[in-house]
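Student: I have a new structure open and have not looked at it before. Can you walk me through it?

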Amino acid sequence: MPAVATIDSPTDEKVQEAFSAAEEHFGHVPNLVKALATNPDMCSSITHFVVQALQEGRVSWAFKELVILKTLRSVGAYYSYGAHEGLAAELGNSTDKIGDLNNSLWETSPHYSEAERAVMRLVTQIGIDANAVHDDIWNALREHWDNGQLLELTSLITTFINIGRVGDTLGVSEPKLFTRAV
Amino acid sequence: MAQLPYIEPADADPVTAQVYADAEARFEMVLNIFKITGNAPEIAEKMWQIFFDILQEGPKLDWYTKELLILKSTKMGDCLYCVTQHEVVSARLGVTEEKQADIVGVEYRRSEHYTPAEVAILDLCQHVVLNPEEIPSDVWAKVKEHYDDGQIVEIVTTIGAYLQVSKFGDALGVQLEEVWHGHAPVLFKHEPPTSKAAQHHLDHFMAQAPA
């Protein structure tokens, strides 16, 4: 049971709009959105930000899901981990590739490209110490990704440090994020 | 040096230009952390709305209380950029230097400057940062003595958002703007960074001539 009340049928207009956006994007209103609903401003801005993150972007959604999974593992936050694992597979990642996110298997896994490994190094280092993401990590990233993609990837990693922490703290369970076809 | 270019207002696309205008209206300048998000305007627009919502007197929670959470959560991550700026912002809102100093470690628990309500949410903040999977029931009970659900959502999301933005800025090497040069961070004076890299950043910052 979440630490705060969840709202199923909001009366606040801002929350109603956030619920509509969530329903359109996810196919339903995720439990985290319902748990944020006692605070209309936070419910609205966080919902719209997460909707923007969880779709095709400058980086493919399939790879973004692997980045999210590695981020959640790296910081020990497991809100929606299972749902993202299912989503990663649904978007075309093989079970082996998802499994190789475990510890440092991705470093030698044949399922990961050098471009993807460079991102996993970024995820891992941010999890250890964001102050110590040194030039060697960025130089390797720049060989494969442009500035907009690197902004998106850094934003995604840090967003899911946030979302993982918030979901875990509020005690929200999210068995399935998307009930519509992705 | 930052790892991505700062997109200056003159070079910003219309979406980013609007974000910059909103930021300048709120914070008197376009900070470097905003400028770096100009590399992906569609992200900047949605991301900064969360912070615009937090950094104001809220219908649920006062800005002063949110600044305490911001100082605590970003200090725990050794974020020089956030701590420096929010020491100044929180001081403007009435947080004294003595109170700022007592936020480090668990000093706030025995400090005369903190109310029981503030102690309760700073204890929660430490758990959110360190281990949100194992928050003891007595920590929650004390928070719920003082705050309702809508306020708790704002407390937890403020902590989460500042974990996000502090790591975002630090990972990208976003630099403090010249206007902050000469400010000696109170929190780091009372509790040095635990990260060697953060200590290096602090030493470099302190060596800058005042603006």
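**Domains, helices and the chain contact**

Tutor: Start with chain B, which is divided into domain 1 (1-54) and domain 2 (59-206). Keep in mind that this is a predicted model.

Student: How far apart are the centres of domain 1 and domain 2 of chain B?

Tutor: Taken over C-alpha atoms, the centres of the two domains of chain B are 23 Å apart. In the contact, 11 residues of domain 1 of chain B meet 10 residues of domain 2 of chain B.

Student: Which helices supply the domain 1 side in chain B?

Tutor: Helix H2 (32-37) and helix H3 (41-54) of chain B each supply at least two residues of that side. By class, the side of domain 1 of chain B that touches domain 2 has nine nonpolar, two polar and no charged residues.

Student: What is the domain assignment for chain A?

Tutor: Chain A is assigned domain 1 (13-53) and domain 2 (61-170). Their C-alpha centres lie 24 Å apart. Four residues from domain 1 of chain A and five residues from domain 2 of chain A take part in the contact. Helix H2 (31-36) and H3 of chain A each supply at least two residues of the domain 1 side. That side divides into four nonpolar, no polar and no charged residues.

Student: Back to chain B. How many helices and strands does it have?

Tutor: Chain B has 12 helices and zero strands. Its radius of gyration is 17 Å, close to the 17 Å that the globule rule gives for 211 residues, so chain B is as compact as a globular protein of that length.

Student: What box do its C-alpha atoms fill?

Tutor: Along the principal axes, the C-alpha atoms of chain B fill a box of roughly 50 × 35 × 30 Å. Of the 211 residues in chain B, 52% are buried. Among contacts in chain B with a separation of 6 or more, 70% are between residues 24 or more positions apart.

Student: What about confidence: what is the mean pLDDT of chain B?

Tutor: The mean pLDDT of chain B is 96, and 100% of its residues reach 70 or more. For the model, ipTM is 0.97 and pTM is 0.97.

Student: New topic. How many residues of chain A are in contact with chain B?

Tutor: The contact involves 39 residues of chain A and 42 residues of chain B. On the chain A side, helix H3 (40-53), H7 and H9 each supply at least two residues. H9(A) gives the most, with 16 residues. The chain A side divides into 19 nonpolar, 14 polar and six charged residues.

Student: What do the buried residues of H7(A) pack against?

Tutor: They pack against helix H4 (61-74), helix H8 (135-142) and helix H9 (147-170) of chain A, together with helix H10 (149-171) of chain B. The buried residues of H7(A) include A:Ala118, A:Val119 and A:Leu122.

Student: Take A:Val119. Why does it count as buried?

Tutor: A:Val119 is buried because 29 other C-beta atoms lie within 10 Å, and the cut-off is 20 or more.

Student: Which residues does A:Val119 touch, not counting those up to four places away in sequence?

Tutor: A:Val119 touches A:Val67, A:Leu141 and A:Leu153. The C-alpha atoms of A:Val119 and A:Leu151 are separated by 12 Å, and the two residues are 32 residues apart along the chain.

Conventions: Residues are numbered from 1 along each chain as its sequence is written. Chains are lettered from A and ligands numbered from 1 in the order in which they are written. This is a predicted model: local features need pLDDT of at least 70, side-chain atom pairs count only at pLDDT 80 or more; totals for chains, interfaces and linings use all residues. A residue is buried if 20 or more other C-beta atoms lie within 10 Å of its own, exposed if 12 or fewer, and partly exposed in between; C-beta atoms are placed from the backbone. Helices (H or I, at least four residues) and strands (E, at least two) are DSSP runs, numbered from the N terminus. Two residues are in contact if their C-beta atoms, placed from the backbone, lie within 7 Å. Ala, Val, Leu, Ile, Met, Phe, Trp, Tyr, Cys and Pro count as nonpolar, Asp, Glu, Lys and Arg as charged, and the others, Gly among them, as polar. Domain bounds come from an automatic or database domain assignment. pLDDT is the predictor's confidence in each residue, from 0 to 100. The radius of gyration is taken over C-alpha atoms; the globule rule is 2.2 Å times the number of residues to the power 0.38.
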